[in-house]
Amino acid sequence: MKIFSANNGLRLLFYSFVLASCPPAASARAHASPPYSVGYYQQTISGTVSDTSGPLPGVSVLVKNSGISTISDVNGNFQLRAAIGDTLVFSFIGYKEVTRVATSPVMAVVLQEDAAQLQELVINAGYYSVKDKERTGSIARITAADIEKQPVSNVLATMQGRMAGVNITQKTGVPGGGFDILIRGQNSLRGEGNSPMYIIDGVPYSSQSVGNSLTSNIIPGDANPLSNLNPQEIESIEVLKDADATAIYGSRGANGVVLITTKKGKAGKVTYSGSLSSGFGSVTRFMDLMNTPQYLEMRTEAFANDGITQYPANAYDINGTWDQSRNTDWQKELLGGTAGITQVSLSASGGSEQTRFLLSANYRTESTVYPGDFEYRRKGMRFAVNHNSPDNRFSLSFTGGYSLQDNNQPGTDLTFDALRLAPNAPALYNPDGSLNWENSTWDNPLRMLEGKYTSNSGDLTTNAVLTWKIWKGLAFRSNLGFTDLNYSESTTSPSTIYNPAYGAGPEYSSIYVSNTARRSWIAEPQLSWEGQLRDLQLKALVGTTFQELTNTQLVQSGTGFTSNALIYNLSAATTKNILNNDRTVYRYQAGFARVNLNWKGKYIMNLTGRRDGSSRFGPSRRFANFGAVGMAWLFSREKLFTESTILSFGKLRGSYGTSGNDQIGDYQYLNTYTSTGINYNGTIGLQPSRLFNPDFGWETNKKLEVALETGFLKDRVFLTASWYRNRSSNQLVGIPLPGTTGFTSIQANLGATVQNQGTELTLRTINIDNGAFSWITAANISFAKNKLIAFPGLESSTYSQQYAIGKPLNIVMLYEYTGLDPETGTYQFRDVDGDGVISSPNDKKYIADFNPQYYGGIQNTFSYKGITLDFLFQFVKQDNWNPNYMLGMPGAMVNQPVAALDRWQQPGDISSFQQYSSGTRADVLNAFSRYTQSSAAVSDASYIRLKNLSVSYALPQAWTQQWKCRLFVEAQNLLTITSYDGADPEFTATGYLPPLKMITTGIQLTF
Amino acid sequence: MKTITNNKTIQDLFRKLGIILIVTCGTVSCNSCSDFNEVELPASQLAGESVYENTTTANAVMAGIYSKLRDGGLLTGLPAGMSNQLGHYADELDFYGSASASTIPFYNNALLPTTRDMSSLWNSTYNIIYSCNAVIEGVATSQSLPQQDRDRLTGEALLVRSLMHFYLANLYGAIPYVTSTDYKINTTITKTEVNDLYSLLVNDLLQAIELLPQQFSTPLKVIPNQVVAKALLARVYLYSGLWAEASDMASAVIGNQNLIWETQLDQVFLKESSSTIWQLASATAGKNTNEGATFIFETAPPPFTALSNAFVGAFEQGDLRREYWVTEVTGDNQVWYRPNKYQQKTTTATSMEYSIMFRLAEQYLIRAEARVRQGDLIGAADDLNKVRERAGLTGSTATTVETLLEAILAERRVELFTEMGQRFFDLKRYGILDMELIGVKPGWNSTDSLFPLPEAELLANPNLLPQNPGY
């Protein structure tokens, strides 16, 4: 059987581990006895280490062939016990190593900067690290330098516009909300199956949303757990994109892998650092909506057009019930506030060359733009310690972080109300300060603020990596980690959200509470080997992964309280319901391997592979293999170019391979019944959970990439160009079914193939660097084309109206708007099938593509002495829904953009909007309904945004002495240039608060 | 340095730890490799096969179905159900709630195929039909369920499945008749014309009558038995114009010894009412009906809905139902009226009212109508007067076929108002929707007699084309 063979393989791997590691373990123990005896001649040797500009702290000083070492202090001084004649080794990162024989008890050593070594940037590739210049895969990277200067709370926000091939959209401006991230486009037909894999310090971090839709109305698509991580704690983020980089992640690498590495301690004197910043946020753009005279003119005309002279009883805006002289800008009223932002962080870092630590703590609060008192708070602590034995054979790295989030938000987003309320709708408050219900003629939007959304989370992530160099090039390494996320969320509906006319007292108040706990552990023992065969350098790695993730969730509701003050006490509710009580387990095991061949640093081949098993699939489809080959040719190291003064670096690389996708949710292959949690006649009901299919398997993604990396003029100009083509097949989807099947979808593999093809360019130039003044530009642009290239039976499938062969996935099929009928004053559409009727699906043939055509960013950094100015423009060329799609029909009791004044009034009129109607005439209403699903509802939503601007000033050292002091101003989304006529062009679902504009100022002290 | 010894110890400790770790990892993984990827069922789910091997869990599936009828879909008393929506769609109710409420398109007779509510009505109804079919199939293949329970469960599932199809047909016209859980069949299923559907439902209900027990299993009639299937069958016969069968079936219901005519108007809607044929138990002890919560308001102007003045004017002078089942609410120097059949808006110490699905008065009116159509005018008048009498009215003066039919229609209007769309269906059966609603409802069009099929549904299954006229 398949399972057995696979497991035998894994078992073998394990035995080999145990065998491989035991005998050296014995020898290592023997070796652990002191390799030297305390010498007769030993004495104290001291001295100073410096470089050309002065004393150098943190330099490691090692007595060769002994376990003795130390580190130079803040003044560059060191002292240790050694004998005259011993050899001392001085090393410090970025400097050439110096070896000296101790000839006197006092020594002075000068270290030289190692330009070559400074360039040897090492990139984290997950299971291994690789020199940037010698990597065969496609990896994008940003570091703390860029992350730190952004006043945002979510890691994903810091990546926007800075990485080629990574497209990020913020879904809501409400703190704690989510982001959409696509690495090289949409691979899966399932919208929710396109998330990359996140790994924080080696531990996979589930980005699956926590919470429950019952308890998180305000956040589209539930809360995103990545907001637990404070961007200020991050050292670097690497995004793995191509097959060479992702195949080693097998079934979870199809959508790319995001590796997040947190900061670690640095050797040397303990450095304390603290920073404080605060500022404000506000909505980026408002829509231009009608004022009361314009609105009333529209309404009057609408009823006149409908032939209604007696205004209906519920047309309060126009039948005289509401004051027609009132005029409220509801956007300003409901969303026009400013959110306050405060952030404090403290850290201490230091240690010896053998043991280093970092301890950091941070606190952030963010209030909202809504009226009322709402706040998001995050507190976090993180601890990192690294230790290595003096002989460097054993090392240990531990990181642990805990963060607490408290989020209090209104129960419902007010954005929709702000756009739709009639401008002459009544005042929000009565003179006595209570909510005004205007004799039950409206639902005061602020009633929603009486209901509260609160979420609390505690998130622990820990990771330990043990490395043990067993024998020459052979090392054992084990990555161990666990995460523990506890998340509770509640949404209240106190009786005060209801119109008092309902006579609802606290007996109507209700609360929904969800508690989610997510625990995971991972163990990844690995063996690696490095060796040299003449000019061939060989690296090999084998390892296995065991991972388990357990999710438990309890969702409860309580209704009927004796007082609204007791609403958070479920035991005080008269009716309590348990809506969901579930525990799900995901288990995953794998074996993986890598072989890297490097000939003279010129020709490199990298082979990676993985065999995966996952509990998400039925027994017959549980295991699968993935693998890739990557190659690189560093042609600049060929003789022809070594003398070149122009070309300083040149590499051609390519890769091909497979990775997979298992984001399907747990247990989907089982035929089960689920408890409804609802009582009927003393019995709690059961219901069929789903239509089931036991035989679905992995999605596979074949990735091909070719890239050229070139550096000119000593790398002052560095240009990379890459071309990729990813084909994702065996699509794992919930195939939409008609409602007559009892459900709306079934999980199955579909023979469809999706292709993502694109080109990514990055350019970094050092325009000026004369010591005092420097100007660096970094730019990236990604052109991407998404295409459905095969879909057997598309025409007859339920997808026939969703996809088209040769077109992208993210399309909608619409009526083609052909203009206004000047005679009837209603919208007209192309009758594609010519049957005289505009009907779906035959006439919905216009295809709107919502994929960005290209996107990217341009960053400029200027520094002059202590002043640094840095700004990033982010740009996206795309189409999206426009206000015609989201606002109601002009003439109905909803407000409209001012543009809707250009309407048809009498035969012969040429205008952009059709005649107004209050909504009672079927022809006008149908025309409008089609209009919202026509080409007229989509328009250009491209934008160029000043995503980030930061100015900082480091006070001259002469003033601050031992201290370092930096003052800064940081801004996000400061300026948006767009022709889009809705509110903000960055959104995925309509009716939610757009991303905010934020400006903060702060101070950082280090000593 | 002084840390040397320290480092040594730590180093040694870690080495030992490392060895332990490797060995443990190795052993643990080797022991558990083969089934590491096997996970147990989640806490909230039960394996499908086992559900129908046990009477308790099989009953729980039916309980799930009944609670869904009560809390959602077409027949719920919540605002999204037909009691409220069709009351506005026809001429019973006026709407006063928010401009974004889901009732607005119903009130304006402006339903659209794309409205999400239209899809959810359709989908939730077919989801219940799926569950019914799952019960029928599961019971059939069960190894260990006693015969008596097999029959009862199959009968209950057939009854609910028929009820769902019946409502769908009256709202949408020709619709798919679904009798299997196989999605491959149901994905491409075609529509069945209304008359053909009725004969299929007749067969199903005759079978249900065979299978269901004669006695109610609970004193409060919350689990349907044979007589409930007969009551629905009487209605199906009436709607399909099979007058003799309709009148026989109604007679069988009226003559049932478990049902006793309730003479007090204020007792009819209490949960102990003897004339109730089937009602849905409340979710929790003390909870009352969703209808009560939807329709009752205390202050004026009404925040959500109120009976239309035209409707209130339809009561004859002296009709006690106007007094007992309609309540006046005064405010702002004006009077509004609310339905008061169910009188409890909130919870009470113990539940007082349950949502009634079938009651005896309708059966008398079914028989009256069927009798007129067969020429039995005296019998018809007797049945009609039985209902009038309870309302404190004298016997009907109608003596001809036409006047009697008119009188029955008028009686149904004031007897069955806000009960799951009876008024709308009556106007439709009588063929007088346009006559009654044009002028009363500004948005009314002849094609509004049928709801639009949800657009998503037509896209997913082109066999359901064409769309109903007018959409």
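Predicted model: local features only at pLDDT ≥ 70, side-chain atom pairs only at ≥ 80, totals over all residues.
**Entry 1: where the chains meet**

I began with the contact between the two chains, which takes 91 residues from chain B and 97 residues from chain A. Then I asked myself which element gives the most to the side of chain B that touches chain A. That turned out to be α1(B), with 18 residues. Other elements that each supply at least two residues include α3 (55–71), α6 (116–141) and α20 (455–460) of chain B. By class, I noted 47 nonpolar, 34 polar and 10 charged residues on this side of chain B.

**Entry 2: strands across the contact**

Next I followed β31 (residues 672–680) of chain A. This strand is joined to β1(B) by 3 bridges, and the two run antiparallel. Opposite A:Thr674 I found B:Gln45, in β1(B). Within its own chain, β31(A) is also antiparallel to β32(A), this time through 5 bridges. I marked A:Asn679 and A:Ile684 as bridge partners in that pairing.

The two chain A strands form a hairpin with 2 residues between them. What is the phi of A:Asn681, in the turn? I read a positive value of about 55 degrees, in a residue other than glycine. A:Asn681 counts as partly exposed because 18 C-beta neighbours lie inside 10 Å. As for β32 (residues 683–688) of chain A, 5 of its 6 residues are buried, so the strand is largely enclosed by the rest of the structure.

**Entry 3: another positive phi**

I came upon A:Arg184 in the loop between β13 (179–183) and β14 (197–200) of chain A. Its phi is positive, about 55 degrees, although it is not a glycine. Is A:Arg184 buried or exposed? It counts as buried, because I find 29 C-beta neighbours inside 10 Å. A reminder to myself: most residues other than glycine have a negative phi.

**Entry 4: the nonpolar cores**

The largest nonpolar core has 217 residues. Among the members that touch the most others I listed B:Val61, B:Val135, B:Leu232 and B:Ala234. Helix α7 (residues 147–172) of chain B gives the most to this core, with 13 residues. I then picked B:Ala234 and left aside its neighbours within four places in sequence; its contacts include B:Ala246, B:Met249, B:Gln363 and B:Ile366. Apart from this core lies another, of 55 residues, and its members include A:Leu156, A:Met159 and B:Phe36.

**Entry 5: chain B records and a helix**

I looked up UniProt for chain B. An unreviewed entry there places "domain: SusD-like N-terminal" at residues 101–238. Over that span the chain is 67% helix and 0% strand, with the end C-alpha atoms 34 Å apart. "Domain: RagB/SusD", also from an unreviewed entry, is placed at residues 332–471. Here I noted 45% helix and 8% strand, and 40 Å between the end C-alpha atoms.

I also checked helix α15 (residues 360–374) of chain B. Its 15 residues reach 21 Å from first C-alpha to last, close to the 21 Å expected at 1.5 Å a residue. Since 13 of the 15 residues are buried, α15(B) is largely enclosed by the rest of the structure. Just after the helix, B:Gly375 takes a positive phi of about 95 degrees.

**Entry 6: cis peptide bonds**

One cis bond joins B:Ala300 and B:Pro301, with omega about -5 degrees. I placed B:Pro301 in the loop between α12 (290–295) and β4 (305–307) of chain B. Another cis bond joins B:Leu465 and B:Pro466, with omega about 5 degrees. B:Pro466 lies in the segment after α20 of chain B.

Technical notes: Residues numbered from 1 in each chain as written. Chains lettered and ligands numbered in written order. UniProt positions renumbered as here; feature names shortened; annotations may be inferred. Helix = DSSP H or I, 4+ residues; strand = E, 2+ residues; numbered from the N terminus. Expected span 1.5 Å × (residues − 1). Buried ≥ 20, exposed ≤ 12 C-beta atoms within 10 Å, placed from the backbone. Pairing = 2+ DSSP bridges. Contact = placed C-beta atoms within 7 Å. Nonpolar A, V, L, I, M, F, W, Y, C, P; charged D, E, K, R; others polar. Core = buried A, V, L, I, M, F, W, Y, C linked by C-beta atoms within 7 Å.
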